[in-house]
Amino acid sequence: MDWKLEVVVVPVSDVDRAKHFYAERVGFAVDTDSRIGEEARIVQLTPRGSGCSIIIGTGISESRPGSMQGLQLVVDDIDAARAHLVAGGVDVSPVQHFEEGVKAEGRGGDWNSFVFFTDPDGNGWAVQERPARD
């Protein structure tokens, strides 16, 4: 049996601001923006090429805005990903890697090159470079 993660709820304080950030600055596709009654609004966004989406909205989570940490994206080219985020106006870290559990500047070995950013509420994201596939 396959088990696939499809959606992660990301708690935000301002849905329109977060939608703009993820769609216009980071480059996620807006799959839907709908209301369910007067209490709930669901905005689903998907990173390009991903099988998993995020949902932001109102009436969908009791988690505190900014409480999601360690959300992770994987890319083929960390430098291109960082350039894309910078071009979108995202405050993103320089390329970093881990040495003995501590962040260090520059690229690391396979699976050990990252950039980090947060959304306007402080939800934390890592972008990791995966090794080239043959």
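This is a predicted model: local features need pLDDT of at least 70, side-chain atom pairs count only at pLDDT 80 or more; totals for chains, interfaces and linings use all residues.
Residues are numbered from 1 along each chain as its sequence is written. Local features need pLDDT of at least 70, side-chain atom pairs count only at pLDDT 80 or more, and totals for chains, interfaces and linings use all residues.

Start with the whole protein. It has 2 helices and 9 strands. Both are DSSP runs numbered from the N terminus: helices are H or I with at least four residues, strands are E with at least two. From the N terminus on, the order is β-α-β-β-β-β-α-β-β-β-β.

Next, the dimensions. The C-alpha atoms fill a box of roughly 50 × 40 × 25 Å along the principal axes. Buried residues make up 40% of the 134; buried means under 20% relative accessible area, with a 1.4 Å probe and protein chains only. Of the contacts between residues at least 6 apart in sequence, 51% join residues at least 24 apart. A contact means heavy atoms within 4.5 Å.

Now the sheet. Four strands form an open, mixed sheet in the order β1-β4-β3-β2. Two strands pair if DSSP finds at least two bridges between them. β1 (7-9) and β2 (29-36) are the edge strands, each pairing on one side only. The twist averages 25° from one strand to the next.

Follow the pairings across the sheet. β1 and β4 run parallel, joined by 3 bridges. Here V9 stands opposite I55 in β4. β4 and β3 run antiparallel, with 5 bridges. In this pair, I42 has G57 in β4 as its bridge partner. β3 and β4 also form a hairpin, with 6 residues between them. In its turn, G49 has a positive phi of about 85°. β3 (residues 40-46) and β2 are antiparallel too, joined by 7 bridges.

Axes are lines fitted to C-alpha atoms, for helices over the stretch in contact; angles run from 0 to 180 degrees between N-to-C directions. β4 is mostly covered, with 5 of its 6 residues buried.

Technical notes. Side-chain values use heavy atoms; hydrogens and water are left out. Buried means under 20% relative accessible area, exposed over 50%, partly exposed in between (1.4 Å probe, protein chains only).
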